[in-house]
Amino acid sequence: MTFEEFVLEAREMGASDIHLTVGQPTVVRINGELKRFKELSDVAVNRTILSILTAEQEQLLTMGNDIDFSFELPNGTRQRVNVFRQSGRLACCIRLLNDKIPSLESLKMPSVLGELAEKKKGLILVTGPTGSGKSTTLSAMVDHINKHRACHIITIEDPIEYKYIQDKATIHQREIGRDVSSFSAALRSALREDPDVILVGEMRDYETISLAMTAAETGHLVLATLHTSGAAQTIDRIIDACPPHAQEQVRAQLANMFQGVISQTLVPTSDGQSRVAALEILIGTDAVKSQIRANKIPQMETVMQTGIRQGMCTLKDSLAKLYQRSIISYETAMEFAPDKAEMEKALRLGAGF
């Protein structure tokens with residue numbers, strides 16, 4: 001079996017990831033759960049991993065480096081790969097990316113995400129744990145812009161996951177390590193490249209956060225991801241990532257250009273066949289911006305609960321709606337709820353108990 005056939009078979013099974021490890025069973029992740037896949041010999045696993053590396057990558061691996069890259073099969077499907085060593089043996093994780101960019105509608109996202117994508121300037125954040133679908137949601141938002149607005153979009157990614165087909169927009173995709181050295185270097189350059197929209201794959205440090213906010217403040221629409229859980233925690237994370245002497249200025253900056261946070265987590269559906277996004281959405285209304293300035297982040301929960309007309313929702317409300325529509329089970333709603341007692345109360349009220 002060739003490596004291409006191996007990946008295609010995993011895709012047909014609906015897998016999102018493949019784990020290849022010398023000396024261990026090969027497993028795939030389907031709907032969030034790991035399952036045994038192929039019985040491959042250690043020689044076959046070793047050969048398979050090395051077959052997708054260039055000579056330069058193999059040399060870097062020998063020197064003790066982990067290798068992170070993306071590659072495309074002849075049929076156009078893309079994969080994100082990390083190759084590393086564990087217990088002195090080769091291992092790799094392959095993320096199987098969607099072969100085409102889904103629309104916001106096909107992802108069953110609320111209309112407010114399209115409204116956010118149509119903003120002309122400001123900062124929009126998509127957050128959540130690893131594997132929660134952040135990249136897919138962001139790509140759908142960028143493609144929404146591509147289909148509706150004649151503008152210049154620059155994406156900064158590590159690595160490039162989805163390739164856009166230009167529609168109304170002109171799109172330049174830059175990959176860290178291949179096209180530019182870092183997110184911060186790419187952001188500095190982007191401001192001189194006449195962008196309208198900038199996608200930042202991840203805001204990892206103060207320099208990147210500062211440059212992204214400067215870009216948003218100077219009339220660009222900036223979309224970015226953060227590894228945080230919860231909309232309010234995202235605001236805290238941005239401010240806490242900055243040096244103490246700069247936090248007041250950052251808080252004021254953020255309040256001025258903040259458009260919204262979409263915090264998402266993938267939860268299993270009641271039929272066990274797939275997963276669905278449970279969302280927490282915070283929109284940059286005047287009330288929210290005022291609370292950011294006043295450092296009243298804990299009060300964001302109340303604002304989200306009362307901001308339904310603006311498209312806001314809490315994770316609790318999102319889970320309750322999914323349960324009421326029989327998309328997820330009672331047990332799943334309780335498992336992913338941030339506050340079990342409040343969740344149980346919401347579910348009982350919604351079900352008329």
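Guide: Before reading how two helices pack, note that axes are lines fitted to C-alpha atoms, for helices over the stretch in contact, and that angles run from 0 to 180 degrees between N-to-C directions. This is a predicted model, in which local features need pLDDT of at least 70 and side-chain atom pairs count only at pLDDT 80 or more, while totals for chains, interfaces and linings use all residues. Residues are numbered from 1 along each chain as its sequence is written, and side-chain values use heavy atoms, with hydrogens and water left out.

Visitor: At what angle do helix 9 and helix 10 pack?

Guide: Helices (H or I, at least four residues) and strands (E, at least two) are DSSP runs, numbered from the N terminus. Helix 9 (residues 247–257) packs against helix 10 (residues 286–293) at about 175°, and their axes lie 8 Å apart. Angles over 145 degrees count as roughly antiparallel, under 35 as roughly parallel, 65 to 115 as roughly perpendicular and the rest as oblique, so helix 9 is roughly antiparallel to helix 10.

Visitor: Which residues in helix 9 meet helix 10?

Guide: Contact means heavy atoms within 4.5 Å. Arg251, Leu254, Ala255 and Asn256 of helix 9 meet Lys289, Ile292 and Arg293 of helix 10.

Visitor: In what order do the strands of the open sheet run?

Guide: Strands of a sheet pair through backbone hydrogen bonds, either parallel or antiparallel. Two strands are taken to pair if DSSP finds at least two bridges between them. Here six strands form an open sheet in the order 3-2-1-6-5-4, with antiparallel pairing. Strand 3 (33–36) and strand 4 (67–72) are the edge strands, each pairing on one side only. Strand 1 (residues 17–21) and strand 6 (residues 89–96) pair over five bridges, and Asp17 stands opposite Arg95 in strand 6. Helix 3 (residues 55–62) packs on the sheet, where helix 3 touches strand 4, strand 5 (78–86) and strand 6, and its direction makes about 155° with that of strand 4.

Visitor: Which residues does a cis peptide bond join?

Guide: Most residues other than glycine have a negative phi, and most peptide bonds are trans. A cis peptide bond joins Asp158 and Pro159, with omega about -10°, and Pro159 is found in the loop between strand 8 (152–157) and strand 9 (170–175).

Visitor: Where is Asn31 found, and what is its phi?

Guide: Asn31, in the loop between strand 2 (27–30) and strand 3, has a phi near 50°, a positive value in a residue other than glycine. Buried means under 20% relative accessible area, exposed over 50% and partly exposed in between (1.4 Å probe, protein chains only), so Asn31, with 24%, is partly exposed.
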